[in-house]
Amino acid sequence: RSYTSVEALDNHTYISMRAIITTSLIIFIAAVSICTAQQRSDPTKFNGGSILAMAGRNSVAIAIDSRFGLGMQTISTAAPSSSNDDDADNSNNNGNPRILLLPNSNTLLAWTGLYGDGLGFADEISVLLASKVRRAGGMRFDGTTTRKTMNPKAIAMLMSHLLYRRRNAPYYVEPVIVGLETVLVKEDCSVEMETVKSLQSITATTITNEVESAPSSVSITSDTMIQLKTKTIQRPYLMCSDMLGAQSTSHSFVCSGVASRSLHGTAEALWRPNLEGEELVEICGKAFVSALERDCYSGYGAVVYLIQATENDDGNESDVCIVEYVLSSRND
């Protein structure tokens with residue numbers, strides 16, 4: 001009888017453990033099915049892809065993954081192609097369908113979302129940008145033409161207007177705009193003001209001696225004071241948007257795509273203010289690759305674009321360069 005009771009107890013324990021394992025397996029399969037159904041029901045996440053942008057001291061970096069798929073099926077792992085507003089119609093479609101737009105040397109426009117809507121959005125925003133730039137440019141009196149450039153904030157407003165105008169039949173895309181804005185800032189002119197005061201005292205003595213030379217010397221001191229008070233710098237601009245054009249700006253980082261939750265965590269943990277160019281690329285690449293390893297809809301390498309301002313001889317940051325970095329990541 002004792003042997004029979006022990007055997008019955010073992011059978012009861014085995015049945016209980018089997019029921020627990022079976023229930024856990026059913027719950028796991030149901031959760032995976034629900035997540036897959038939600039992923040397929042969201043058109044912006046059907047083709048996968050992720051984007052991360054970070055701001056530095058006088059630079060911005062944007063990272064884009066190389067995977068393009070249909071759900072869990074991988075179609076292409078080529079690097080994203082780029083095009084500017086002059087040859088947008090001749091863009092390279094052999095690479096990643098998430099085309100980068102380069103409206104000018106200070107701005108980059110990228111997006112994630114549905115493949116077909118992304119192509120339509122790229123064509124329409126390119127036409128709008130070309131028309132705005134052409135309308136802003138005009139003829140001078142000497143017969144030469146002027147070419148105006150739009151700052152990143154103006155391009156973001158134009159893009160939001162386009163997306164909200166199509167709110168009844170929206171583009172299923174999530175754009176990200178990064179760039180550098182030209183800003184005039186005031187410097188600490190304590191030493192320069194003393195120099196100006198000394199120049200004014202010199203001109204006062206010159207006025208007493210030679211009255212004819214006084215107006216020109218006074219104008220020179222006023223011009224000198226204005227040049228010493230202002231300086232041109234390039235300020236980073238980061239903006240992401242949903243498919244209806246609602247903007248979200250940040251001074252640190254923005255992200256978009258299927259791995260946006262993981263990107264928020266890694267970027268917030270690694271980002272620091274006033275990062276230099278090379279350090280910004282390293283931090284952005286580490287945060288991006290770490291987040292991609294936790295998402296199966298993104299990855300297969302990444303490309304980081306760095307927009308950095310360089311100082312001239314007079315100390316103004318008017319020259320801008322764009323550098324491309326190719327990163328490798330897990331391909332499974």
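Q: Is Arg235 buried, partly exposed or exposed?
A: Arg235 counts as partly exposed, because its relative accessibility is 43%, and on this scale buried means under 20% relative accessible area, exposed means over 50%, and partly exposed lies in between, with a 1.4 Å probe and protein chains only. One caution belongs here: this is a predicted model, in which local features need pLDDT of at least 70 and side-chain atom pairs count only at pLDDT 80 or more, while totals for chains, interfaces and linings use all residues. Residues are numbered from 1 along each chain as its sequence is written, and side-chain values use heavy atoms, with hydrogens and water left out.

Q: And which side chain does Arg235 meet in a salt bridge?
A: The side chain of Arg235 meets that of Glu181 at 3.7 Å, N to O, where a salt bridge is a side-chain nitrogen of Lys or Arg within 4 Å of a carboxyl oxygen of Asp or Glu. The pair links distant parts of the chain, since Arg235 is in strand E9 and Glu181 in strand E8, 54 residues apart. Helices (H or I, at least four residues) and strands (E, at least two) are DSSP runs, numbered from the N terminus. Glu181 is buried, with a relative accessible area of 9%.

Q: How many salt bridges does a search of the whole structure find?
A: The search finds five, and one of them joins Glu124 to Arg165, with the closest N and O atoms 3.0 Å apart. Glu124 lies in helix H2 and Arg165 in helix H3, so this pair ties together parts that are 41 residues apart in sequence. Glu124 counts as partly exposed at 22% relative accessibility, and Arg165 also counts as partly exposed, at 46%.

Q: What about Lys286, which residue is its partner?
A: Lys286 forms a salt bridge with Glu282, at 3.3 Å from N to O, and because the two are four residues apart in helix H7, they are separated by about one helical turn. An α-helix has 3.6 residues a turn, so residues three or four places apart point the same way.

Q: Changing topic, which residues have the most contacts inside the largest nonpolar core?
A: They are Leu109, Trp111, Phe121, Ile125, Met159 and Ile177, in a core of 21 residues. The elements giving two or more residues to this core are strand E7 (107–113), helix H2 (115–136), helix H3 (152–165), strand E8 (173–186) and strand E9 (230–241). A nonpolar core here is a set of buried Ala, Val, Leu, Ile, Met, Phe, Trp, Tyr and Cys residues joined through side-chain atoms within 4.5 Å. A second, separate core has 20 residues, including Leu263, Val281, Ala287 and Leu292.

Q: What is Phe121 in contact with?
A: If we leave aside its neighbours within four places in sequence, Phe121 is in contact with Trp111, Met159, Leu162, Leu163, Tyr171, Val173 and Pro175, where contact means heavy atoms within 4.5 Å.

Q: How many aromatic pairs does the count come to?
A: The count comes to three, using the rule that rings of Phe, Tyr and Trp (its six-membered ring) pair if their centres lie within 6.5 Å, with planes under 30 degrees apart counted as stacked, over 60 as edge-to-face and the rest as tilted. Phe121 and Tyr171 form an edge-to-face pair, 6.1 Å centre to centre and with 70° between the planes. Phe121 lies in helix H2 and Tyr171 in the loop between H3 and E8, so the pair ties together parts that are 50 residues apart in sequence. Both Phe121 and Tyr171 are buried, and together with Trp111 they form one aromatic cluster.

Q: Last one: which residues of helix H6 are buried?
A: In H6 (residues 260–270), the buried ones are Ser260, Leu263, Thr266 and Ala267. They cover an arc of only 125° around the axis, which puts them on the same side of H6; the arc is that of the directions from the helix axis to the C-beta atoms. On the other side of H6, Arg261, Glu268 and Ala269 are exposed.

Q: What do the buried residues of H6 pack against?
A: They pack against strand E1 (50–55), strand E11 (253–257) and helix H7 (277–292).
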